Amino acid sequence: MLKELETEQLAELIDGLNYAQKVERSLALIEDAYREYSDSLVVANSLGKDSLTVWHMAQTVNPNIRGFIVTTRFKPKETIQFMHEQTAKYPQLRVFKNDAEIPEKLYLTEPDKCCEILKVEPTRRAIEEMNVQCWVTGLRCTEGRTRTNFREVEERDKGLIKLNPILIWYEREVWQYLAINKIDVNPLYAKGYRSLGCEPCTKIAPGTERAGRWLGTSKCGGECGIHTRPLKIQNEVKV
Ligand code: SF4
């Protein structure tokens, strides 16, 4: 495994490595983890630009690497269409969704609870059903106020390693990777969105990359919970 770095050392690498060195580092992180975890390494693919980058790198390491997509009833039609295109292209991607009844407009009254039910629960299920020991995410620490305190390799949940291989990438480097590798993206980016989520909670907004997420609520620019809540079913806590 690559030497695990402290947050301060990682911060130096954000500007200390160029694009090509970051790609090399990210691929090495995935290769190392795949060597260790084999089929129990799984990519969480949100279908956003960061996930698509990580997914492409994982497929470069080994095309048998599996992934999962968590979708909700509130995803924009463009995202649903894009999801169908991606699952047709990559049968190793599985889709998880929670269709349970919830109060109308829960996203307005209790967005944390809405995300817990519609996003965190299916993520837990994916991790359980796919026997995941190491999940790979597209999390980046340059993305917004809530994302500065992460590591490339984490074990927030006992028994579940989380690998964030593009943690130190800038947004422009993600676009660089997608352009160089001619990777299709969700057409919503062409409309001006910089971060994609459920329709009622995502706007085109000036400012930081995640500024349009949960705009106008206390959760503005925040998190749905999959990066902050326990994900192993036995570690789960109630909201
Ligand atoms: S992003 Fe909004 S609609 Fe989607 S699960 Fe979270 S609160 Fe609900």
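**Cavities, ligand shell and selected residues**

Three elements, helix H3 (49-61), strand S2 (66-70) and H6, each contribute at least two residues to the lining of the largest cavity. The structure examined here is a predicted model. Among the elements that line the largest cavity, H3 makes the greatest contribution, with 3 residues. The lining as a whole consists of 32 residues, and those that lie nearest the centre of the cavity are Ser46, Ser51, Leu196, Arg213 and Ile226. When the lining of the largest cavity is sorted by class, 10 residues are nonpolar, 12 are polar and 10 are charged. The volume of this largest cavity is about 540 Å³.

A total of 14 residues line the second largest cavity, with Cys114, Cys115, Cys198, Cys201 and Trp214 lying nearest its centre. H6 provides the largest share of this lining, namely 5 residues. By class, the lining of the second largest cavity comprises 9 nonpolar, 3 polar and 2 charged residues.

The second largest cavity is also the space taken by the ligand. The residues around the ligand are Phe74, Tyr107, Pro111, Cys114, Cys115, Leu118, Lys119, Cys198, Cys201 and Trp214. Helix H6, which covers residues 111-129, gives the most to this shell, with 5 residues. In terms of class, the shell around the ligand contains 9 nonpolar residues, no polar residues and 1 charged residue.

Of the 13 residues of H3, 10 are buried, so the helix is largely enclosed by the rest of the structure. Here a residue counts as buried when its relative accessible area is under 20%. The buried residues of H3 are Lys49, Asp50, Ser51, Leu52, Thr53, Val54, Trp55, Met57, Ala58 and Gln59. One of these, Ser51, is also listed among the residues nearest the centre of the largest cavity.

Attention then turned to the backbone of two loop residues. Ser38 has a phi near 50°, which is a positive value in a residue other than glycine. Ser38 is located in the loop between helix H2 (19-37) and strand S1 (41-44). With a relative accessibility of 36%, Ser38 counts as partly exposed. Lys105 likewise has a positive phi in a residue other than glycine, with a value near 55°. The loop that holds Lys105 runs between strand S3 (93-96) and helix H5 (106-109). The relative accessible area of Lys105 is 43%, and the residue is therefore classed as partly exposed.

Three further residues were examined through their surroundings and through a distance to another part of the chain. Pro165 occupies the loop between strand S6 (160-163) and H7. Its relative accessibility is 1%, so Pro165 counts as buried. Although Pro165 and Leu29 are 136 residues apart in sequence, their C-alpha atoms are 6.1 Å apart in space. Leu188 belongs to the segment after helix H7 (171-180). This residue, Leu188, is buried as well, because its relative accessible area is 6%. Leu188 and Arg94 are 94 residues apart along the chain, and 22 Å separates their C-alpha atoms.

Gly216 is likewise found in the segment after H7. Unlike a buried residue, which has a relative accessible area under 20%, Gly216 is exposed, with a relative accessible area of 77%. Gly216 and Leu108 are 108 residues apart in sequence, and the distance between their C-alpha atoms is 10.0 Å.

Key. Residues are numbered from 1 along each chain as its sequence is written. This is a predicted model: local features need pLDDT of at least 70, side-chain atom pairs count only at pLDDT 80 or more; totals for chains, interfaces and linings use all residues. Side-chain values use heavy atoms; hydrogens and water are left out. A residue is near a molecule or strand if one of its heavy atoms lies within 4 Å of it. On a 1 Å grid over the protein atoms alone, a cavity is a set of points where a 1.4 Å probe fits but cannot get out, and a pocket is an open set with protein on both sides within 12 Å along at least five of seven lines; lining residues have an atom within 4 Å of a point. A molecule sits in a cavity or pocket if more than half of its atoms lie within 2 Å of its grid points. Helices (H or I, at least four residues) and strands (E, at least two) are DSSP runs, numbered from the N terminus. Ala, Val, Leu, Ile, Met, Phe, Trp, Tyr, Cys and Pro count as nonpolar, Asp, Glu, Lys and Arg as charged, and the others, Gly among them, as polar. Grid points are joined across faces, edges and corners, and a volume is the space filled by probe spheres set on the points. Buried means under 20% relative accessible area, exposed over 50%, partly exposed in between (1.4 Å probe, protein chains only).
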